[in-house]
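These are my notebook entries on a structure that I looked through element by element. I wrote down each thing in the order in which I looked it up.

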2 protein chains.
Amino acid sequence: MGSGIKVFAPASVANVAVGYDILGFALEKPGDEIIASFKDSPGLEITKITGAGGKLPYELDRNTAGFAAKKLLEHIGETDRGIAMEIHKKMPFGSGLGSSAASAAAGVMAVNELLGRPLEKSQLLPFAVLGEQIADGAYHADNVAPSLLGGIVLIRSNTDLDVHRLHVPKGLYVAVIYPEVEVLTREARSILSKQVDLDQLIRQSGNLAGFIVGLYNADFDLIRRSLEDVVIEPQRARLIPHFYEVKEAALNAGALGCSISGAGPSIFALCDNTLTAEAAGKNMQEVFDRQKIKNQLFLSAINQEGAVLL
Amino acid sequence: MGSGIKVFAPASVANVAVGYDILGFALEKPGDEIIASFKDSPGLEITKITGAGGKLPYELDRNTAGFAAKKLLEHIGETDRGIAMEIHKKMPFGSGLGSSAASAAAGVMAVNELLGRPLEKSQLLPFAVLGEQIADGAYHADNVAPSLLGGIVLIRSNTDLDVHRLHVPKGLYVAVIYPEVEVLTREARSILSKQVDLDQLIRQSGNLAGFIVGLYNADFDLIRRSLEDVVIEPQRARLIPHFYEVKEAALNAGALGCSISGAGPSIFALCDNTLTAEAAGKNMQEVFDRQKIKNQLFLSAINQEGAVLL
């Protein structure tokens, strides 16, 4: 491990209530760690996986981190390099917190660093997205981009990976609760109506625009009024037990807004200070505790760094 | 006319390709002028209308400027004041340039100024919107708000009149062409599908967000990529003869984007400098000239003042 590189990539919250498939932000924790090192035999190999309960495959083509790294190595013509990759899952998967995206981001970052950084970090995005696609089925960057790059990220177009970090006002803080119930991403996608009312589009558009303007102007009241999802949340809420009760608990604590993280079951509450986030987190947790649903609570600022070398 | 007040309110471009019902911006010209002065007999009266070809009613309840001013006077308890209002239309109506909104904005502003400014300008918005509603049938502010307040305006919610002026980068310039063909706003609304594909919502949302981020970051390339309307324009383009030819002509001249102004038939081309706007305007005009369609061309910066005292 003398030549080993250890990378951390964080969890992320996609959709962010009003930006279905186009917004995501990175948390400070939890996240995944990946260690890349040279080995004698040629080719990339996943040599160790911890924290996954035996649920993640070692085959490169079926592993988000492995496949992302493989596509990167193909791109830079280094497929013969002997590289060993250890994946240490340190966050729940199937949680709606971008677990597979974190692994994909950490995977490409670790390999890129090991090889002396042939590409800039931002150039790694397409390979990480390809890795994420293994798990998710769709080519989209709303988890991968924040996990890799940090910040609150707009993906104007997933096809073009036209990705922009938005201004993050000081004080923005988030409480995320993961109730240990199962929501399958593919199912969460399949239940969505393929059509939306024009009136819903107008309201959702106004809220999306309001949220972005609120970020740029540090106008927390505007952010508060804007964080209302009239399209996706009403369709998915029933997949998460006690969702509306949890949401109300967060809003009662003063959260700016509260909605489903990605495809769920995690629920995030955006707040304009740490104390409110702590109170919102506590309130949300109490609902699940009362219902005897095991849960994990994460409190975090918006992570501005994304994937980092440890 | 010793005590007369003369107000100009500008034309405006609503929708702006990616913000149906929630975005609008003000032009420097054309616009309407309204003169308000005291008279001896009690009550508000429209005493003169010019430039309307006899098409505008003198009845307060059927005139956008008159009704807006009447609602303002009711609000401030001044319905007995003797006020004469002259309306001088100096812009085409039925053009998609917010003609009725300009009259409504000028009407409330003139009366408010005449009475010594009992309300702040921004407080006049609800009354101007009520006036505009006479002509349009809908309670919405995407023309009235820019015409009154100036700038590029986001209306997060038309119901709440949650209105925000966006950052306007230096150099933004617009060419607007009005082909003298008839498009009825009500018809332009009625042909729109009441439903939108979820995929269209995602693309339109990405473009809307990209446009706003482009404005705040003065990123003209991002604005260019974002100004693509995948929802409304494809449905309304057929109402405007030669629309796609005109659009192509504007884009060929280097415009950032080109789409329908409001419900049409006017077409706007946003540009990042005056020379490109002039070239885009010329190109658009040539298409209509070739087709022997009478037209008027307007070149303008984004008007940052809105309605002003002359």
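**Entry 1: a sheet in chain A**

I began with strand β7 (residues 173-179) of chain A and found that it pairs with strand β10 (residues 267-271) of chain A in the antiparallel sense, over five bridges. I kept in mind from the start that this is a predicted model. Within this pair, I noted that I177(A) stands opposite I267(A) in β10(A). I then looked up what packs on the sheet, and it is helix α10 (residues 274-290) of chain A, which touches β7, β10 and β11 of chain A and whose direction makes about 15 degrees with that of β7(A).

Next I asked in which order the strands of this open sheet are arranged. There are four of them, in the order β9-β10-β7-β11 (chain A), and the pairing is antiparallel. The edge strands are β9 (257-260) and β11 (295-301) of chain A, and each of these pairs on one side only. Neighbouring strands of the sheet are turned by 15 degrees against each other on average, when direction is ignored.

**Entry 2: the sheet in chain B**

I turned to chain B, where four strands form an open sheet with antiparallel pairing, in the order β9-β10-β7-β11 (chain B). Here β9 (257-260) and β11 (295-301) of chain B stand at the edges with a single partner strand each, so one side of each has no neighbour in the sheet. The twist from one strand to the next averages 15 degrees. I also followed β9(B), which runs antiparallel to strand β10 (residues 267-271) of chain B and is joined to it by four bridges, and I saw that C258(B) stands opposite A269(B) in β10(B). Helix α10 (residues 274-290) of chain B lies across β7 (173-179), β10 and β11 of chain B, running at about 15 degrees to β7(B).

**Entry 3: how the two chains are related**

I then looked up how chain A can be laid on chain B, and this takes a turn of 180 degrees with a shift of 0.0 Å along the axis, giving an RMSD of 0.0 Å. That is the relation of a two-fold axis. Which residue of chain A comes closest to the rotation axis? I found that it is V196(A), whose C-alpha is at 2.6 Å. The same surface serves both copies, as 100% of the contact residues of chain A recur in chain B.

Strand β8(A) and strand β8 (residues 195-197) of chain B pair in the antiparallel sense over three bridges.

**Entry 4: the contact**

I noted that the contact takes 32 residues from chain A and 32 residues from chain B. On the side of chain A that touches chain B, at least two residues each are supplied by β5 (152-157), β6 (162-165), β8 (195-197), α6 (198-217) and α7 (220-226) of chain A. Helix α6(A) gives the most to this side, with 12 residues. By class, this side has 16 nonpolar, 10 polar and six charged residues.

**Entry 5: a helix in chain B**

Last, I looked at helix α1 (residues 64-75) of chain B, which has 12 residues and reaches 17 Å from its first C-alpha to its last, close to the 16 Å expected at 1.5 Å a residue. Just after α1(B), G77(B) takes a positive phi of about 70 degrees.

Definitions and conventions: Residues are numbered from 1 along each chain as its sequence is written. Chains are lettered from A and ligands numbered from 1 in the order in which they are written. This is a predicted model: local features need pLDDT of at least 70, side-chain atom pairs count only at pLDDT 80 or more; totals for chains, interfaces and linings use all residues. Copies are superposed by least squares on the C-alpha atoms of residues with pLDDT of at least 70 in both. Two residues are in contact if their C-beta atoms, placed from the backbone, lie within 7 Å. The expected span of a helix is 1.5 Å times one less than its number of residues. Ala, Val, Leu, Ile, Met, Phe, Trp, Tyr, Cys and Pro count as nonpolar, Asp, Glu, Lys and Arg as charged, and the others, Gly among them, as polar. Two strands pair if DSSP finds at least two bridges between them. Axes are lines fitted to C-alpha atoms, for helices over the stretch in contact, and angles run from 0 to 180 degrees between N-to-C directions.
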